[in-house]
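Below is a short note for a colleague who is opening this structure for the first time. The points are numbered and can be read beside the model.

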Amino acid sequence: MNRREVVSISGKKGAFQNVMDALSQIDLTPIQGKSVLIKPNIGRAASIGKGYNTHPDAIAAVIESMKNAGASHIAIGESPLVGIDTMEAFKKGGVTDVAEKYGVGLIDFDAHKPIKKDIENGRVLSSTLICSPIYEYDILVSVPVAKTHMHTGVTLGIKNMKGCLYNHEKVRYHQVEYMDKEYPEKTLDSAISDLASILLPDMTVIDGYIGMEGLGPSGGEAIHSDFCVASWHPMGADIYGCLLMGLNPADIPHLRLISERLEMPFEPEAYEVRPADFRKFVVPYRVPPTNISLEFDNVQIYDKESCSACLSTLMLFLKRFKDDMSQYLLHDGKFHIAIGKGVTDAEEGTIFVGNCTRLNKEKGIYVKGCPPVPTRIYEAITGREPDENEPEVQ
Ligand code: SF4
């Protein structure tokens, strides 16, 4: 069993100690003298402990472990959802405080000129724009928070690499088409596998302290699952991440696809898991619904080729304002709302959210923005600002 095939798991000790314990069970000698870039999942400017973002204590533990292992230099970098200010997201998510405490730098990936990388044998992409700081460090550590995802099943260490794409390049992954022939997988899953063919984390540390279940990655519920998975092997980490969430890795198309294309072992038994009785840390996550409309009474959602930013806006809008929309129901007694470039079948009177839906704007109320914020949708529908005393859903 070589170093890359070890998957280390810990749990029930909180965000910081879980990570410290998991990393203590794997060989960190390759860190000695190397520069390390930590890529958490800080997609939104969201409060700590809601399951949106990697917990700052988990990031602190990664830094401490890397320092103890002799890293020469450490930084934290991110390119969040389009429309989100990276530094504001770091601050609200507690990452700025951690960086200051440990004296490590914060990098807004989008503030640097991207590098165009060719993708050989891509299914949907022949090249892609990657944030250049990725290539300035010896070791890239993916530190995702464990979440279910309505478009991709889960978002873990490999999917977290999408946050290394430059700014709007992330959006393109939701709108691509097959180039040469059709494949059974969704184009987004193929796009993630195209990316994986040129960019994978060197190490993965999955923060499962407070994850997100159900309508992830933005509209789900926080779940206190209190585990951590660490491995040098990107597939091994994500497979065990799924198992700890009570999910079957075979049900996650992008993982299955990447394992086939990159010839990575897909059976859990192919990895050495520590401890062997890791199942004591399993906390089942509620899977994302196949039809999101069913999650909201009296709401018809049209979602085709949207990216995670508009999906996030939509979920936040519905959570905060759905009950105020009773006078905007259509003939079927439902509130109709649409996101994504591919929506063509929405009813007259639908609310069209985001620039991608602009071709439909004669059919209903159009809310421009990429993405618009939830309060902007409320204003466009009602003609007035929301009550400021009402708390944001975060
Ligand atoms: S309008 Fe929405 S779905 Fe379209 S690119 Fe912008 S954020 Fe993504």
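1. A residue is called buried here if 20 or more other C-beta atoms lie within 10 Å of its own, exposed if 12 or fewer, and partly exposed in between, with C-beta atoms placed from the backbone. Helices (H or I, at least four residues) and strands (E, at least two) are DSSP runs, numbered from the N terminus. The model is predicted: local features need pLDDT of at least 70, side-chain atom pairs count only at pLDDT 80 or more, and totals for chains, interfaces and linings use all residues. Residues are numbered from 1 along each chain as its sequence is written.

2. Helix 10 covers residues 374-382, and its buried residues are Pro374, Ile377, Tyr378 and Ile381. They lie on the same side of helix 10, because they cover an arc of only 100 degrees around the axis (the arc is that of the directions from the helix axis to the C-beta atoms). An α-helix has 3.6 residues a turn, so residues three or four places apart point the same way.

3. What do the buried residues of helix 10 pack against? Their partners are helix 9 (308-321), strand 15 (351-353) and strand 16 (365-367). Contact means that the C-beta atoms of two residues, placed from the backbone, lie within 7 Å.

4. Helix 9 and helix 10 have axes 8 Å apart and pack at an angle of about 60 degrees. Axes are lines fitted to C-alpha atoms, for helices over the stretch in contact, and angles run from 0 to 180 degrees between N-to-C directions. The crossing of the two helices is right-handed; a crossing is right-handed if the near helix is turned clockwise from the far one by less than a right angle, and left-handed if anticlockwise.

5. On the helix 9 side of this contact are Thr313, Leu316, Phe317, Arg320 and Phe321, which meet Pro374, Ile377 and Tyr378 of helix 10. By class, the contact of helix 9 with helix 10 has six nonpolar residues, one polar and one charged. Ala, Val, Leu, Ile, Met, Phe, Trp, Tyr, Cys and Pro count as nonpolar, Asp, Glu, Lys and Arg as charged, and the others, Gly among them, as polar.

6. Both flanks of helix 10 have backbone features to check. In the loop between strand 16 and helix 10 lies proline 371, joined to cysteine 370 by a cis peptide bond with omega of about -5 degrees. After helix 10 comes glycine 383, with a positive phi near 80 degrees. Aspartate 387 is in the segment after helix 10 and is exposed, since 8 other C-beta atoms lie within 10 Å. Its C-alpha atom is 9.9 Å from that of threonine 375, twelve residues away in sequence.

7. Glutamate 348 sits in the loop between strand 14 (335-339) and strand 15. Is glutamate 348 buried or exposed? With 11 other C-beta atoms within 10 Å, glutamate 348 is exposed. Apart from neighbours within four places in sequence, glutamate 348 is in contact with Lys363 and Gly364.

8. Helix 2 (residues 56-68) has a length that can be checked. Its 13 residues should span 18 Å at 1.5 Å a residue, and this agrees with end C-alpha atoms 18 Å apart; the expected span is 1.5 Å times one less than the number of residues. Among the buried residues of helix 2 are Ile59, Val62, Ile63 and Met66. The cover over the buried residues of helix 2 includes helix 1 (14-24), strand 3 (73-78) and helix 4 (95-102). Just after helix 2, glycine 70 has a positive phi of about 95 degrees.

9. Glycine 77 belongs to strand 3 and counts as buried, because 26 C-beta neighbours lie inside 10 Å. Not counting residues up to four places away in sequence, glycine 77 touches Leu37, Lys39, Ile107, Phe109 and Pro133.

10. Most residues other than glycine have a negative phi, and most peptide bonds are trans. Glutamate 263, in the loop between helix 8 and strand 12 (272-274), has a positive phi of about 50 degrees although it is not a glycine. Asparagine 167, also not a glycine, has a positive phi of about 40 degrees. A cis peptide bond joins glycine 216 and proline 217, with omega about 15 degrees.
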